[in-house]
Amino acid sequence: MAEKKKGIWKYIPDGIPCLLIVFGLFTFIGMQMGVPQMLNTIMKTAHDLLLNTCFYLMAICVITGAIGKLFVEFGVVKLLEGLLRPLMRPLFNLPGVAALGAVMTFLSDNPAIISLSQDKRFSSYFKKYQYISLTNFGTAFGMGLLVIVFMVGQGFYMEPFIGLFGAFVGCIVSTRLMQRFVIKAYPKFLEENAVEGNVKFAAQTEEVVEEKSKFIRTLNALLDGGRTGVDVGIAIIPGVLIISTLVMILTFGPSDGTYDGQAYEGIELLPFLAGKINVVFEWLFGFQDPHLVAFPITALGAVGAALGLVPSFIAEGWADGNAIAVFTAIGMCWSGYLSTHTAMLDSLGYRELTSKAILAHTIGGLVAAIAAHWIYMLYSLI
């Protein structure tokens, strides 16, 4: 009996706070909306997000996945890598081969940089402090093509590319800041190589391409890339349904002044809190409505979920061109880094540096948003 009690008691320090937070949150919401209306709103919002946002995002993932695979198959990625290589050292303090990581994560998602870094031929070009900073460098471009295509699909054309430039600026800040943190914590990493030896990546990565017609190669690339896109599309569904539903309940207000359990109703808690310091968001990001702060908050956990907010923002008239540029920059730069940095650094073998990577990337994302805002302001004057 004593052993059984001991087994139960060990769950209390975590279990009781969890219960208090969950029940406290839903009690707080339910007291304002009414419990039946709250439950109906949650289910209807999640259902609408699944049908009108998740499947739309999955379609984009399939298309962009196919395009990305096609680019790999016919050497476009290698071409882009060659064009970007000269920028790596002066801007990011990284070897030229890091450009391949940027292109791969832009076409897919954050973990692409990790699978690439596991190749010893690739990592042999890096010092340890540079190798560790690949977590920040790759994350800043994660799902970039998906974000840009989504924003263009909403009817904005120049603004997403302004956001891309903002993400580029944020990546420079995040990567170099992480390198400084690593060197300060481990000065010896400044000189130590990530991999012992001098194995050359470029000379040994030429794959033997089976003789096939261009038509077959194109068809295989499109189908394989599309299949990968389906996997990515399925992977973002939980984040969109769970995170976006919660954020929307905390962001939107009642329909016609009353709660009747319709989708996208809420208690407007986040706008209320953001309104207290709205001058900060207005000056830094150019947000004209406090509801817009929900996007960067959601992007901390999942950029796919954050994108799910955009159509509603546009329909309500809250999101303008500046907001789209800022959303693109901060969404691409952060792209759910809170949920990926720990796993990424763990796979690299430097889990103890997770807090430094998160701090550096938080700053980088804010810089990306600020840069996008002021670049958009200059663009609007032209």
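**Questions about a predicted chain**

Biologist: Is Tyr264 buried, partly exposed or exposed?
Modeller: The relative accessible area of Tyr264 is 21%. Buried means under 20%, exposed means over 50%, and partly exposed lies in between (1.4 Å probe, protein chains only). So Tyr264 counts as partly exposed.

Biologist: What kind of model is this, and from which number are residues counted?
Modeller: This is a predicted model: local features need pLDDT of at least 70, side-chain atom pairs count only at pLDDT 80 or more, and totals for chains, interfaces and linings use all residues. Side-chain values use heavy atoms, without hydrogens and water, and residues along each chain are numbered from 1.

Biologist: Where is Tyr264, and what is its phi?
Modeller: Tyr264 sits in the loop between helix H13 (214–251) and helix H14 (269–276). Most residues other than glycine have a negative phi. Tyr264 is not a glycine, yet its phi is positive, at about 65°.

Biologist: Is Asn93 buried or exposed?
Modeller: Asn93 lies in the loop between helix H4 (76–92) and helix H5 (98–107). Its phi is positive too, near 55°. The relative accessibility of Asn93 is 18%, so Asn93 counts as buried.

Biologist: How many helices and strands does the chain have?
Modeller: Both are DSSP runs, numbered from the N terminus: helices are H or I, at least four residues, and strands are E, at least two. The chain has 21 helices and zero strands.

Biologist: What radius of gyration does the chain have?
Modeller: The radius is taken over C-alpha atoms, and the globule rule is 2.2 Å times the number of residues to the power 0.38. For 382 residues, a compact globule would come out near 21 Å. The chain agrees with this, at 23 Å.

Biologist: Which residues is Gly304 in contact with, leaving aside neighbours within four places in sequence?
Modeller: Gly304 is in helix H17 (residues 303–307). It counts as buried because its relative accessibility is 3%. Contact means heavy atoms within 4.5 Å. With those neighbours left aside, the partners of Gly304 are Leu57 and Val240.

Biologist: What separates the C-alpha atoms of Gly304 and Val240?
Modeller: Along the chain, these two are 64 residues apart. Their C-alpha atoms are separated by 6.2 Å.

Biologist: What is the relative accessible area of Gly155?
Modeller: Gly155 lies in the loop between helix H10 (144–153) and helix H11 (158–185). Its C-alpha atom is 9.9 Å from that of Gly321, 166 residues away along the chain. Gly155 counts as partly exposed, with a relative accessible area of 40%.
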